[in-house]
Amino acid sequence: VTTKKISKVLIANRGEIACRVIKTAKSMGIKTVAVYSSADRASMHVEMADEAYYIGEAPSRDSYLKGDKILDIANYCGAQAIHPGYGFLSENAEFADLCKAHGIIFIGPPASAIRDMGLKSTSKRIMADAGVPIIEGYHGEDQADATLKAEASRVGYPVMLKAVCGGGGKGMRIVMNEGEFDQALESARRESLKSFNDDKMIVEKYIEEPRHVEVQVFADQHGNAVYLSERDCSVQRRHQKIIEEAPAPGLSDVVRGEIGEAAVRAAKAVKYVGAGTVEFIMDKHKKFYFMEMNTRLQVEHPVTEMVTNTDLVEWQLQVASGQELPLSQAELLPHGHAAEARIYAEDPNNDFLPGAGPLRYLKFPEGSDSVRIDTGVSQGDNVSVHYDPMIAKLIVWGEDRESALRKLIFSLNACHVVGLETNLRFLTDLAGHPEFMAANVHTGFIQEHEQSLFESAKAPLSCNQWAMAGLGLLLFEQKDGVLKDMYSSQDIYSPWNSTSGIRFNTIYSKSMKLMDGENEMILGVTYNRNGSYSIKLSETSEIEVSGMILGSEDDDNIVISAVVDGIKCNASVVRFNDNIYVFTANDSFKVQVPLPKFVSMQQEGGISGAGTVAPMTGSIIKVLVKDGQKVNAGDVLMLIEAMKMEHKIVSPKSATIQKVLYNEGDAVEKDQSVVTFEDSKDDN
């Protein structure tokens, strides 16, 4: 048993998890040390910590993965312990060994447990010996492509390819038939090599419509181990979780006990210490099979904290210093229901492509005992291309699942982000989907309900939404004093120069053009004598609106009280890049205010022979075409990597490549042309 007082801890991480650890450490009277890359100099975790040290350039291999440098800083500043958070070095056995060799506490399990559970083939054998159910598959040393393909045929399609050292959905592919195997294996190996510096694979039988149910376990150095409720993390995109909840809905007390006890057996089998998560795959009959163990604190740990009224980071610090677990299994009595939604800078309508850039406007709901925001960013910060694009986690608690989901939807609507595309609308629609509300969830839920989940994003704006956007613009005009030159009088006290909308013996009218994607709307606006506006949307539709500005944080953000067609509500209205964003308690949308045609032509600068563009900021990892090559529409031109994920850049048409503008390894900004095409008669 290692007994050592922790008075200063170094957090070898960034973003929301670094901030999360700092908060708990400070509440325990423990001093905190942050490390940061060149991209994180002004980040929230740097500002929160008592001390902060620069460790390298933005790419994580040059900063947050530099274990030797982090250890040097820990020794220099006198930190007794290092908390690795999740990702980066959190499951690096060599780093855990180095910490031990330097006499520094690694807040995590022993290196041996990380090794045993980090290799999927080894972990499956250990689990089988411990009586934990496992799925049939191939976990052998022979990694020849032909061997893996033969084993896939033996197991029977569909199969799942998984990186031996994998996690977080990296290096994972579903293969439905033999014809898909070769390409899937190549892609999975490549992604695994980049993420884990290892391309070894295992093959497993793929269970169709599975649920992802995981169990939070905790063990101390005195032989005690407990499970703290299970979580359902079935709803995923790209094998990565986006909504998690605890407890898992629809399980009997018997199944809950069985899966919890199996998780504890798994932890004890590797002499585990600290916080860990045992992940299971569950079929339609509630039979569960060991999938993997994450030997660290999970992103979704707050839902467990909510239902068990615990602070798992506090437990980590106590156990690491040699103390026994604060509670026994009998004392852990989960209560209520919690749900977490991960808010990402990504575009659900473009295959969830991640985004990067500044957060121009950012607002979260007020925190309380039942509503929690975990984030590492604030308004004005950048979401970096070098790291995960998560903006925040929203966690809510309710007496039961229905009330928790209702609170989740309400709180999601209170999250306002401008500057980057986000998944907020998608999360709201997902949480409110009838099948999700009924707990009919599985890992293919998004694909199964794709049409209904994306309906609202494609739906045209309603008349009231157009009118609300118009009102927002009109109130910005008032704020900016745009109307002051509308009349000839220069007397600043003249009623003609008032911006209230009141006009004596005169009614002023004008038209206003707005866009919703490709949909255009001409609003005919009449300034009424009573200060309201009449907005004509068509020959048969006219809506009366009125409003006032309640407050303003800056020149481009106002809070308004609005009445639209007799319906009163408050709203935040933000303008950015020729767009107007409207946020109400139940809705959010944006419209574009088109630039004059000659201005937009200058900005677009139409180029003859224009090609296709990068869908995001990232790095070119493979170029599949060359100058002069003929391609067909849909052909893959390049592979781009961003936020540790691969994406294809495809040709929008059949044409001849004029010039390839980027080489493998080059960095590319979003919307930059990556190839140009030769002009053809078809293009004219």
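Where is P247 found? In the loop between β14 (243-246) and α9 (253-269). Keep in mind that this is a predicted model.

Why start there? Look at the backbone. Most peptide bonds are trans. The bond from A246 to P247 is cis, with omega near -5°. There is also a cis bond joining Y157 and P158, with omega about 0°. P158 lies in the loop between α7 (145-155) and β7 (159-163).

Now phi. Most residues other than glycine have a negative value. R238 is not a glycine, yet its phi is positive, about 55°. Find R238 in the loop between β12 (236-237) and β13 (240-241). R238 is partly exposed, at 23% relative accessible area. N577 also has a positive phi, near 50°, and is not glycine either. N577 sits in the loop between β31 (567-576) and β32 (579-583). N577 counts as exposed, because its relative accessibility is 57% and the cut-off is over 50%.

On to the interior. In soluble globular proteins, nonpolar side chains tend to be buried together. Here, the largest nonpolar core has 68 residues. F218, I391, L394 and L408 have the most contacts inside it. Which helix gives the most to this core? Helix α11, residues 312-320, with six residues.

Take I391 on its own. Leaving out residues up to four places away in sequence, I391 touches I343, Y344, A345, L359, L362 and F364, among others. The list also includes T375, G376, V377 and V383, as well as V417 and T422.

Last item. There is a second, separate core of 31 residues. Among its members are A467, L474, M512 and V591.

Key
Residues are numbered from 1 along each chain as its sequence is written. This is a predicted model: local features need pLDDT of at least 70, side-chain atom pairs count only at pLDDT 80 or more; totals for chains, interfaces and linings use all residues. Side-chain values use heavy atoms; hydrogens and water are left out. A nonpolar core is a set of buried Ala, Val, Leu, Ile, Met, Phe, Trp, Tyr and Cys residues joined through side-chain atoms within 4.5 Å. Buried means under 20% relative accessible area, exposed over 50%, partly exposed in between (1.4 Å probe, protein chains only). Helices (H or I, at least four residues) and strands (E, at least two) are DSSP runs, numbered from the N terminus. Contact means heavy atoms within 4.5 Å.
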